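Here are my notes on the model below. They are set out as numbered points, for reading beside the coordinates.

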Amino acid sequence: MRGFGASQSLGHPRSEYDLEAYGQDLIDLLEKLNIEQAWLVGHSLGGSVAIWAAHLCPERVKGVVCVNAGGGIYLKEEFEKFRSAGEKLLDFRPPWLGRLPLLDLAFSRMMVEKPLARKWGRQRLLDFLRADQQAARGSLLESTTEAAVHLLPKLVAELPQPMYFLAGQNDRVMELQYVKYLASFHGLFAQLGTNVVEIENCGHFAMLEQLPVVANKLQQILATDH
């Protein structure tokens, strides 16, 4: 059963590409796959999507783990620069970029503390070039509005499910302070002292940079679910 979305309650028109819409898409997928209950693990923007899905359908989402995801603080100038740079990148994605020598190597070292295997750099490059223009632009613009950013802490505070955050100590995209800020709104933060797991020698792609650590932490979290 779908929850009552915040954009609807505020009387705002729905968008195909806002966080609520993606959260609902995720719930629809679980229903289509006949998955009655599941833990959601979301990386970066996917963490915000997982939060929304947990809000919309708490009876189906048992818990949430955010990887390199946080936020809740709106810095106007920084977000405007981020949106402007993102739109320029989306507008300049000629197919021949995929054939430039060493560009995959650059992608394997971008936003990370520990360089990735080159195959992952190649995959990141292909993902960047193949991303749907309309969806990528919509997600960029809709997820970084002041309203969307300020709503995340409220949603986290209201979640009845357990929620954890895996954060890279050297993440310069989603800095540790912003991960801790969002995590602090959840009940587990007060009960356990922190629900944030800091990962050493790790940038913005924990599941690739420190896979054994992430896998081990996920297993520990799920082991507490009875």
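1. Cysteines. A disulfide is here a pair of cysteine sulfur atoms within 2.5 Å. By that rule there are zero disulfides. Cys 57 is in none; its nearest cysteine sulfur belongs to Cys 66, 17 Å away. Burial needs its cut-offs: buried is under 20% relative accessible area, exposed is over 50%, and partly exposed lies in between, with a 1.4 Å probe and protein chains only. Cys 57 is buried, at 1%. Cys 202 is buried as well, at 0%.

2. Ground rules. The model is predicted: local features need pLDDT of at least 70 and side-chain atom pairs pLDDT 80 or more, while totals for chains, interfaces and linings use all residues. Residues are numbered from 1 along each chain as its sequence is written, and side-chain values use heavy atoms, with hydrogens and water left out. Helices (H or I, at least four residues) and strands (E, at least two) are DSSP runs, numbered from the N terminus.

3. The Arg 137 salt bridges. The criterion is a side-chain nitrogen of Lys or Arg within 4 Å of a carboxyl oxygen of Asp or Glu. It gives seven salt bridges. In one of them, Glu 87 meets Arg 137 at 2.7 Å, N to O. This pair links distant parts of the chain: Glu 87 sits in helix H4 and Arg 137 in helix H7, 50 residues apart. Arg 137 also bridges to Asp 91, with the closest N and O atoms 2.5 Å apart. Asp 91 is in helix H4 and Arg 137 in helix H7, so this pair ties together parts 46 residues apart in sequence. Asp 91 counts as exposed, at 53%.

4. Lys 154 and Glu 158 form a salt bridge at 2.9 Å, N to O. They are four residues apart in helix H8, so about one helical turn separates them. Lys 154 is partly exposed at 48%. Glu 158 is partly exposed at 44%. Turning to shared partners, Glu 87, Asp 91 and Arg 137 are joined into one network of salt bridges.

5. The largest pocket. A pocket is found on a 1 Å grid over the protein atoms alone: it is an open set of points with protein on both sides within 12 Å along at least five of seven lines, and lining residues have an atom within 4 Å of a point. Grid points are joined across faces, edges and corners, and the volume is the space filled by probe spheres set on the points. The largest pocket holds about 2,100 Å³. It is lined by 49 residues. Nearest its centre lie Ser 44, Leu 45, Phe 82, Val 173 and His 204. Which helix gives the most to the lining? That is H4, with seven residues. Helices that each supply at least two lining residues include H2 (19-32), H3 (45-56) and H6 (118-130).

6. A nonpolar surface patch. Patch residues have over 30% relative accessible area and no salt bridge; nonpolar side chains (Val, Leu, Ile, Met, Phe, Trp, Tyr) are joined within 5 Å, like charges within 9 Å. Areas come from the Shrake-Rupley method with a 1.4 Å probe, and for residues only the protein chains shown count as cover. Ile 73, Leu 75, Tyr 181 and Phe 185 make up such a nonpolar patch, with about 290 Å² accessible together. Leu 75 lies in the loop between strand S2 (61-67) and helix H4 (76-91). Leu 75 is partly exposed, at 36%.

7. Positive phi. Most residues other than glycine have a negative phi. Asn 34 has a positive phi of about 60°. Asn 34 is in the loop between H2 and strand S1 (38-43), and is exposed at 65%. Met 111 has a positive phi too, near 70°. Its place is the loop between H5 and H6. Met 111 is partly exposed, at 41%.

8. Asp 104 is in helix H5 (residues 103-107). Asp 104 is buried, at 14% relative accessible area.

Notes: On a 1 Å grid over the protein atoms alone, a cavity is a set of points where a 1.4 Å probe fits but cannot get out, and a pocket is an open set with protein on both sides within 12 Å along at least five of seven lines; lining residues have an atom within 4 Å of a point.
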